[in-house]
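The lead sentences come first, and the points are then grouped by topic.

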Amino acid sequence: MKKLILLTAASLFWSATLFAAGTQYNLRVDGLACPFCAYGIEKKLIKTEGVESVTFDLEKGLVLVKAKEGMTLTEAQLKQLVDDAGFTLRSVSEQAL
Amino acid sequence: MKFRPFAILMLTTLFISSCAWFPSVKEPSYQLVKTWGGKGEASGQFNEPTGVAVSKSEVFVSDSRNARIQVFDFDGNFQRLFGEPGEGTGQLGRPMNLTVANGELYVADYFNDVIQVYSLQGQFLRAIGRAGVGPGEFNVPGGVAVAPNGDLFVADFYNQRIQQLDTNGTFIRQWGTLGETGVWAGEFNYPTDVAIAPNGTLYIADGYNDRVQAFSPSGEFSHKWGGPLAMNIFGSFNGWFATVTGISVGPKGNLYVADFYNDRVQKFTPKGEFLNAFGLSTKGATQNATHTAIAVAIADDGSVFVADYANHQIQKWQPGEQHGR
């Protein structure tokens, strides 16, 4: 019984931490040549409801989108935003923070 | 045998072209004399510096992700900072290329789609333009140049054009076609910056076309350079570019071009003849040597200040002894 309580408490703690920390979406984008274009994607994304911050890794061609606590973003939504900025979204992966 | 003259002609042409496309260095190397900064939010630190300009005695830096301008003396000593994040009057979104002209600082503000004008002490004076695609409107201003009469020349990045506005922001004319990219003369592919020579020649950093275009004071296309035929052929040879992100005119009228993916600044005559190249990638640097030259400014004594995006710092270079500025 004691083990079960501990396990449940640990699970709840882990879930709460995960939930509080939010999700990061790693977007692989074609043509991410320099900050001039990367900022264009950031400009679109940062105005989107649920987005907390946007950074990027030019070397890897990645845009890293951190969602606000409890918020989620869909791949279709992200694809549209990247398209609007004039780039092509190749893939999206999610990462719990 | 009848093809022999033709073959000789072809080989000669190829040889001459090759010489033109692979020029040699014409000056002694520039020396890196100082760097300052580092990533952070404290005074004197930067988070993605993307622009640099100089007055007679100070260096102004677009501290882009910190949404502020920082000012230093020529030895890198911090003097002051101004600006704060936001969309309101005098607030900065994402400052990019800078220009000091007529005793004022002009800031291309990427996120707010305006040119912000400050006194050199940091007092906000006025904003020019607004978001849009119409005359006098911007879709991401990347850089600005100012003529002696106060006219502005703005690299309107996403609108694929250069706009000339009067001192009040009223549209005068433009180069390029709204929203359309192209590789021919007078067409642009995400222009990032603009510089104007004392004789009125306009030089445009044609970003993703990997070239510079020059226009006469009357607005006619004059010449272009950057790789074979200057038609979006990128590379790392002398005189070639891999994404042009900044351009400045030196005190002797030479052009200094920030060659972003080649991590260097290249120097040219006003006609576009290659003179020199320098950057961290050529120094065997222990620091991050990728994305180390995004913007450039030149002081009257020939010192060259480079915004180093990757290392969040400013580099100061000085010319070799036999040549100058």
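Helices (H or I, at least four residues) and strands (E, at least two) are DSSP runs, numbered from the N terminus. In those terms, the elements of chain A follow the order α-β-α-β-β-α-β from the N terminus on. The model is a predicted one: local features need pLDDT of at least 70, side-chain atom pairs count only at pLDDT 80 or more, and totals for chains, interfaces and linings use all residues. Residues are numbered from 1 along each chain as its sequence is written, chains are lettered from A and ligands numbered from 1 in the order in which they are written, and side-chain values use heavy atoms, with hydrogens and water left out.

**Chain A as a whole**

- Chain A contains three helices and four strands.
- Of the 97 residues in chain A, 39% are buried (buried means under 20% relative accessible area, exposed over 50%, partly exposed in between, with a 1.4 Å probe and protein chains only).
- Among the contacts in chain A with a separation of 6 or more, 63% are between residues 24 or more positions apart (contact means heavy atoms within 4.5 Å).
- Chain A has an accessible surface of about 5500 Å², and carbon and sulfur atoms account for 58% of it (accessible areas come from the Shrake-Rupley method with a 1.4 Å probe; for residues, only the protein chains shown count as cover).

**Nonpolar cores**

- A nonpolar core is a set of buried Ala, Val, Leu, Ile, Met, Phe, Trp, Tyr and Cys residues joined through side-chain atoms within 4.5 Å.
- The largest nonpolar core has 51 residues, and the members that touch the most others are L27(A), V63(A), Y110(B) and F305(B).
- Helix α2 (residues 35–46) of chain A gives this core its largest share, six residues.
- Another core lies apart from it and has 15 residues, including Y203(B), V212(B), F241(B) and V249(B).
- Leaving aside neighbours within four places in sequence, L27(A) is in contact with residues that include G61(A), V63(A), L78(A) and V92(A).

**Salt bridges**

- Over all chains, the structure holds 17 salt bridges (a salt bridge is a side-chain nitrogen of Lys or Arg within 4 Å of a carboxyl oxygen of Asp or Glu).
- One of them pairs R65(B) with E42(A), at 2.9 Å from N to O.
- R65(B) sits in the loop between β3 (58–63) and β4 (68–73) of chain B and E42(A) in helix α2 of chain A, so this pair joins two chains.
- E42(A) is buried, because its relative accessibility is 3%.
- D206(B) and R211(B) form a salt bridge through their side chains at 2.7 Å, N to O.
- D206(B) counts as buried at 0% relative accessibility, and R211(B) counts as buried at 0% as well.
- One network, made by salt bridges that share partners, joins E42(A), E48(B), R65(B) and R94(B).
- In the salt bridge between D156(B) and R161(B), the closest N and O atoms are 2.8 Å apart, and both residues are buried.

- L152(B) lies in strand β13 of chain B and is buried, with 1% relative accessibility.
- Not counting residues up to four places away in sequence, L152(B) touches residues that include Y106(B), I128(B), V146(B) and L165(B).
- L152(B) and N254(B) are 102 residues apart in sequence, and their C-alpha atoms are 21 Å apart in space.
- N159(B) is in the loop between β13 (152–156) and β14 (161–165) of chain B, and its relative accessible area of 3% makes it buried.
- The side chain of N159(B) reaches the backbone oxygen of G132(B) at 3.1 Å.
- Beyond residues up to four places away in sequence, N159(B) touches G132(B), E137(B), T177(B) and G179(B), among others.
- Q160(B) is also in the loop between β13 and β14 of chain B, and this residue is buried, with a relative accessible area of 2%.
- With residues up to four places away in sequence left out, Q160(B) touches residues that include W175(B), T181(B), F188(B) and P191(B).

**Surface of chain B**

- W21(B), F22(B), L229(B) and F237(B) form a nonpolar patch on the surface, with about 400 Å² of accessible area together.
- Patches are made of residues with over 30% relative accessible area and no salt bridge; like charges are joined within 9 Å, and nonpolar side chains (Val, Leu, Ile, Met, Phe, Trp, Tyr) within 5 Å.
- W21(B) belongs to helix α1 (residues 4–21) of chain B and is partly exposed, with a relative accessible area of 30%.

Terms used: A polar contact is a pair of N or O atoms within 3.5 Å; within protein, one must be able to donate a hydrogen and the other to accept it, and residues adjacent in sequence count only if both atoms are side-chain atoms.
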